[in-house]
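Good morning, and thank you for coming. I would like to take the group through one model this morning, from its strands to its pockets and aromatic pairs. Please look at the sequence and the structure as they come up.

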Amino acid sequence: MGIIFDIQRFCYHDGPGIRTTVFFKGCQLRCAWCHNPESFRIQPQLRYSSRLCTGCGQCVSPCPRQAHSFLDGMHKVDFTACIACGACVDACPSRALKITGYEADPQQIMDVVLKDRRYYGIEGGLTVSGGEPTLQPDFLLELLSLARQEQIHTCLETNGYIPAHVLEALLPLTDLFLLDYKLTDPEELQRCTQAQGPLWEHTLKRLQETSRPVVLRLPIIPGINDLPEHISQAAALAKTHSCIRKTEIMPYHSLGAGKWDELGLTYALAGTADPDPEQKRCWDRILHP
């Protein structure tokens, strides 16, 4: 069994062709710009939308951990007390509360993937994303094995912090690795993402040794890594690693900022503007001179 938080069908930006993308919960990084913060924890968790809350108070008494309270008409949620039992969700008439994340088995997921098989063609198929899917290795490997049995093309979207034994098991089951390249400077990488050690480099090295196809994807965040030297370094990696078949800019967007508040988290990049089209073209010219 595994814990996922979403399945999106008919995706065009998670690998080649038309794809079904399965989002795993759990990530060892804490990127300040993450647009899926509900993926940080592996466990299911509560989300609260103040926009939908009517202040009726019906969530208070069902909660066994007293996670809900009202002070001067304001709804307060103690996320540290919540055990995601869902009692408050069932009691909320305005749907301001919901549990994100649920348990599923690999065959259940594959049944969804196979619904759109006719649309995949040669290039399309299954993409596993997150979060970081390799934090649930047994579940991930079983799902990819089922896809291989069905001759479904597989993509793994990963931050690259993959234990060596897990990576070795993934190599024969993964047709394409979508590998994030977040920051060049190790100190900035640790500060902005809490990444530890050179595991990312070891992953790229092994993918090069085994000639596994890679798309190197650069999330570019204004004020953090929108530096010409960072983008140029990614271009240099592509020249020295034949496994990198393509490099892509993934411009910052603020669409996921509201999720942080719904999870009781502080969004450090509040107020950061989305880059305009000309800025995106400028970044792309550096990456593809």
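I begin with strand 2 and strand 8, which pair in the parallel sense over five bridges. Two strands count as paired here if DSSP finds at least two bridges between them. Helices (H or I, at least four residues) and strands (E, at least two) are DSSP runs, numbered from the N terminus.

Before going further, a word on the basis of all this: the model is predicted, local features need pLDDT of at least 70, side-chain atom pairs count only at pLDDT 80 or more, and totals for chains, interfaces and linings use all residues. Residues are numbered from 1 along each chain as its sequence is written, and side-chain values use heavy atoms, with hydrogens and water left out.

Back to strand 8. Its residue Gly125 is the bridge partner of Arg19, and Gly125 also stands opposite His153 in strand 9. Strand 8 and strand 9 are again paired in the parallel sense, over four bridges. Is strand 8 buried or exposed? Five of the five residues of strand 8, residues 125-129, are buried, so this strand is largely enclosed by the rest of the structure. Buried means under 20% relative accessible area, exposed over 50%, and partly exposed in between, with a 1.4 Å probe and protein chains only.

Together with helix 4 (residues 137-149), strands 8 and 9 make a right-handed β-α-β unit. Right-handed means that, with the strands pointing away from the viewer, the path from the first strand over the helix to the second runs clockwise. Within this unit, the loop between strand 8 and helix 4 contains Gly131, and a cis peptide bond with omega of about 5° joins Gly130 and Gly131.

Two further backbone features are found in loops. Gln66, in the loop between strand 3 and strand 4, has a positive phi near 50° and is not a glycine. Gln66 is exposed, with a relative accessible area of 61%. Ala84, in the loop between strand 5 and helix 1, likewise has a positive phi, about 55°, although it is not a glycine.

I turn now to the pockets. On a 1 Å grid over the protein atoms alone, a cavity is a set of points where a 1.4 Å probe fits but cannot get out, whereas a pocket is an open set with protein on both sides within 12 Å along at least five of seven lines; lining residues have an atom within 4 Å of a point. Grid points are joined across faces, edges and corners, and a volume is the space filled by probe spheres set on the points.

The largest pocket holds about 1100 Å³ of space. Its lining has 43 residues, and His35, Asn36, Glu157, Met250 and His253 lie nearest its centre. Strands 1, 6, 9, 11 and 12 are the elements that give two or more residues to this lining, and strand 12 has the largest share, with four. By class, the lining of the largest pocket divides into 17 nonpolar, 14 polar and 12 charged residues. Ala, Val, Leu, Ile, Met, Phe, Trp, Tyr, Cys and Pro count as nonpolar, Asp, Glu, Lys and Arg as charged, and the others, Gly among them, as polar.

The second largest pocket holds about 300 Å³. Of its 20 lining residues, Tyr161, Leu183, Thr184, Leu189 and Glu201 lie nearest the centre. Helices 6, 7 and 8 each supply at least two residues of this lining, and helix 6 gives the most, with four.

Finally, the aromatic residues. The structure holds six aromatic pairs. Rings of Phe, Tyr and Trp (its six-membered ring) pair if their centres lie within 6.5 Å; planes under 30 degrees apart count as stacked, over 60 as edge-to-face and the rest as tilted. The rings of Phe40 and Trp260 have centres 5.6 Å apart and planes at 80°, so this pair is edge-to-face. Phe40 lies in the loop between strand 2 and strand 3 and Trp260 in helix 9, so the pair ties together parts that are 220 residues apart in sequence.
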